[in-house]
Amino acid sequence: MSLRIGLLTLACLTALPLQARPVITLIGAVQGEGATSPLAGQTVTVEGRLTADLRQGLDGFYLHGREDGNPLTSEGLLVLADEDQPLPAAACLRVRGEVVEQAAGRSGQSMTALKADTIQAASCRGLPVAGPLLLDAAPADWETLEGRLVRINVPLSVVGLHNLERSGEIWAAFGGPLWQPSEVALPGSEQARAVEQDNQRRLLVLDDADDARDPDTLALLPAGQLPRGGMQLQAVEGIVEQRYGAAWRLQLTRPLTLPASARPDAAPQVAGSLKVAAFNLENYFNGDGAGGGFPTLRGATDAAQLAAQQAKLVASINGLGADVAALMELENDGYGPASSIAQLVDALNADAQGPGDWRFVDAGQGPGSNPIRVGIIYRAGVLTPVGKPAVLEDGPFVEHSRVPLTQAFRRGNGPAFTVTAIHLKSKGCRDVAGADADQGDGQGCWNATRTDSAQRIVRWLGSDPTGSGSPHAVVLGDFNAYAMEQPLRALDAAGWRDAFAIAGVDQPYSYVYNGQLGRLDHALLSPSLAGLLRGAAEWHINADEPETHGYARDNQAGPWRSSDHDPLLLGLDL
């Protein structure tokens with residue numbers, strides 16, 4: 001009897017349900033082959049090795065799961081969890097939760113994630129060993145690596161610093177710098193579209209794994225060091241994400257190491273007996289000219305900032321060693337002793353490193369009524385003005401493009417030549433309408449106005465507005481158009497020659513926008529003056545520098561970040 005009871009008892013115990021192991025869904029199945037998960041909205045359980053806990057700065061941690069043999073799926077996954085949610089002290093975790101799609105900025109794209117309900121320790125048996133995936137090139141499709149820990153095994157070029165102070169981002173690229181498509185190809189062409197697609201493929205945003213705005217410190221950079229455009233970063237490591245827009249990014253998991261700075265400490269040297277420069281000053285406004293009148297419409301917000309801005313501009317202009325310079329974005333406040341141009345010239349002449357003989361061209365009024373204007377300064381010990389200056393105040397120059405200014409000069413007993421300073425309408429789309437709207441060809445808004453402005457300048461200069469009778473002429477300044485855009489092509493069609501093309505300068509640039517290099521600042525020569533060109537160069541003191549080096553922030557001493565444009569310099573024999 002006792003034996004029978006024992007057997008029955010054993011049978012009953014065997015029939016009782018054991019604690020069932022949950023069904024484990026592979027992370028690759030959660031990610032799927034497309035941009036969104038095929039399991040969105042479902043509750044699943046996954047297992048993976050913990051690769052990064054970013055809950056302090058972001059919204060979760062990352063797991064690396066078992067390989068599923070499918071190259072189109074990623075084995076990395078973001079698990080959404082609060083910083084206060086306890087995490088087991090284990091190398092591998094089992095997480096149960098709902099599959100969701102996290103919106104990635106305004107692009108309509110998203111990140112696949114798991115909204116955690118329960119988090120437990122798990123065995124690491126069968127899971128990948130610790131360590132990043134090594135990349136020797138940009139992948140054909142970053143989506144297949146979403147959520148993966150990777151290390152870039154080739155140098156990345158720093159291409160953009162515009163979000164560094166605000167968001168802790170550094171824009172970088174595989175295979176060297178990125179170029180504005182309309183700098184190197186005809187706008188709207190197949191070649192331009194190919195450049196744009198290649199830029200998107202090679203761009204990678206390096207993020208600080210923290211969504212705080214305007215962070216007090218940049219923890220993933222060496223103390224006291226900031227990157228510079230063109231720097232080569234080695235062994236960059238982080239989690240692949242698409243969090244704030246269309247560009248893929250790495251949430252960095254270890255600090256960057258910066259190479260030695262490659263700053264051009266000295267201004268470029270160009271041959272020739274006459275040096276001509278152009279420089280956008282980025283809103284040089286001097287208040288009431290007597291230390292007050294701040295804040296102004298643009299530029300410095302107080303007298304201390306003005307002093308810092310002015311010191312940087314003086315170091316830049318005198319450092320160039322030019323004999324005549326076309327300037328943009330001067331405050332349009334007359335020509336009296338308290339005017340912006342007079343104060344700048346006084347500061348240039350007071351600089352012990354400068355020649356001390358600067359003068360400015362006085363157009364009498366304006367030119368124009370725009371808050372900013374162009375100006376021309378020259379060295380009286382080198383050049384003598386010939387006749388009076390001339391301005392063009394009609395058509396698009398009344399409200400949009402700044403009024404151009406031209407003046408003839410002579411060096412010693414040499415031939416007369418004219419210098420024309422211009423600043424065409426910017427690409428911003430405010431109040432745009434009709435043909436000036438963005439046509440989707442890469443030239444931005446107001447292209448029709450800029451092109452009309454360029455054509456009018458060609459006709460105006462053809463009428464010899466200074467009465468000098470000289471065929472030697474240079475038009476230079478901020479065109480707000482890249483090299484292959486219509487305003488430049490209009491001048492080229494009229495016979496004006498690109499000084500940098502004549503000089504054979506390789507890949508010139510003066511401005512960085514959205515991580516892409518290009519020239520907004522140009523110098524065009526008449527055919528007769530083109531034959532007298534001996535050299536052309538840009539001084540890269542601004543476009544590659546982080547904004548924090550400017551006068552309004554840390555104000556690093558010297559010419560660094562004196563503007564957002566780089567100045568250009570020509571050498572001529574006259």
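User: Let's start with E4 and E5. In what sense do they pair, and over how many bridges?

Analyst: Strands of a sheet pair through backbone hydrogen bonds, and the pairing can be parallel or antiparallel. In this predicted model, E4 and E5 are antiparallel partners, with twelve bridges between them. To find the pairing on your screen, look for Gln102, which stands opposite Met111 in E5.

User: Which strand does E1 pair with, and in which direction do the two run?

Analyst: Strand E1 (residues 43–53) is joined to strand E4 (residues 92–104) by seven bridges, and the two run antiparallel. A handy landmark here is Gly48, which faces Leu93 in E4.

User: And E3 with E5: parallel or antiparallel?

Analyst: That pairing is parallel: three bridges connect strand E3 (residues 76–80) with strand E5 (residues 109–121). Leu78 has Ala113 in E5 as its bridge partner.

User: What do the five strands make when I put these pairings together?

Analyst: They close into a barrel, in the order E1-E2-E3-E5-E4, with mixed pairing. From one strand to the next, the twist averages 60°. While you trace the strands, keep one general idea in mind: side chains in a regular strand alternate between the two faces of the sheet.

User: Let's turn to aromatic rings. How many aromatic pairs does the structure hold?

Analyst: There are five aromatic pairs. Take Trp179 and Tyr509: their ring centres are 6.3 Å apart and their planes meet at 75°, so this pair is edge-to-face.

User: Where do Trp179 and Tyr509 lie in the sequence?

Analyst: Trp179 belongs to strand E10 (residues 178–179), while Tyr509 is in the loop between helix H10 (499–502) and strand E24 (511–513), so the pair ties together parts that are 330 residues apart in sequence. Both Trp179 and Tyr509 are buried.

User: How are the rings of Phe409 and Phe417 arranged?

Analyst: Phe409 and Phe417 form a tilted pair, with 6.1 Å from centre to centre and 35° between the planes.

User: Are those two residues buried or exposed?

Analyst: Burial is read from relative accessible area, with under 20% counting as buried. Phe409 has 0% relative accessibility, so Phe409 is buried. Phe417 also comes out at 0% and therefore counts as buried. Ring pairs also link Tyr378, Phe409 and Phe417 into a cluster.

User: Now the cavities. How many are there of 30 Å³ or more?

Analyst: The count is two cavities of 30 Å³ or more.

User: Which residues line the largest cavity?

Analyst: Its lining includes Leu164, Ile170, Leu206, Asp207, Asp208, Leu218 and Leu256. By class, the lining residues of the largest cavity are nine nonpolar, one polar and two charged.

User: What lines the second largest cavity, and how do those residues divide by class?

Analyst: Among the residues lining the second largest cavity are Pro367, Asn370, Phe397, Glu399, His400 and Arg402. That lining divides into five nonpolar, five polar and two charged residues.

User: What about phi: what value does Asp431 have?

Analyst: Asp431 is a residue other than glycine with a positive phi, near 65°. Its loop runs between strand E21 (416–423) and helix H8 (447–462). With 65% relative accessibility, Asp431 counts as exposed.

User: And where does Arg561 lie? Is it buried or exposed?

Analyst: Arg561 is in the loop between strand E27 (533–538) and strand E28 (568–572). Its phi is positive too, near 50°. Arg561 has a relative accessible area of 13%, so Arg561 is buried.

Definitions and conventions. Residues numbered from 1 in each chain as written. Predicted model: local features only at pLDDT ≥ 70, side-chain atom pairs only at ≥ 80, totals over all residues. Heavy atoms only, no water. Pairing = 2+ DSSP bridges. Helix = DSSP H or I, 4+ residues; strand = E, 2+ residues; numbered from the N terminus. Axes fitted to C-alpha atoms, helices over the stretch in contact; angles between N-to-C directions. 1 Å grid on protein atoms, 1.4 Å probe; cavity = no way out; pocket = protein on both sides within 12 Å on 5 of 7 lines; lining within 4 Å. Points joined across faces, edges and corners; volume = space filled by probe spheres on them. Nonpolar A, V, L, I, M, F, W, Y, C, P; charged D, E, K, R; others polar. Phe/Tyr/Trp six-rings, centres within 6.5 Å; stacked < 30°, edge-to-face > 60°. Buried < 20%, exposed > 50% of the residue type's maximum accessible area, 1.4 Å probe, protein only.
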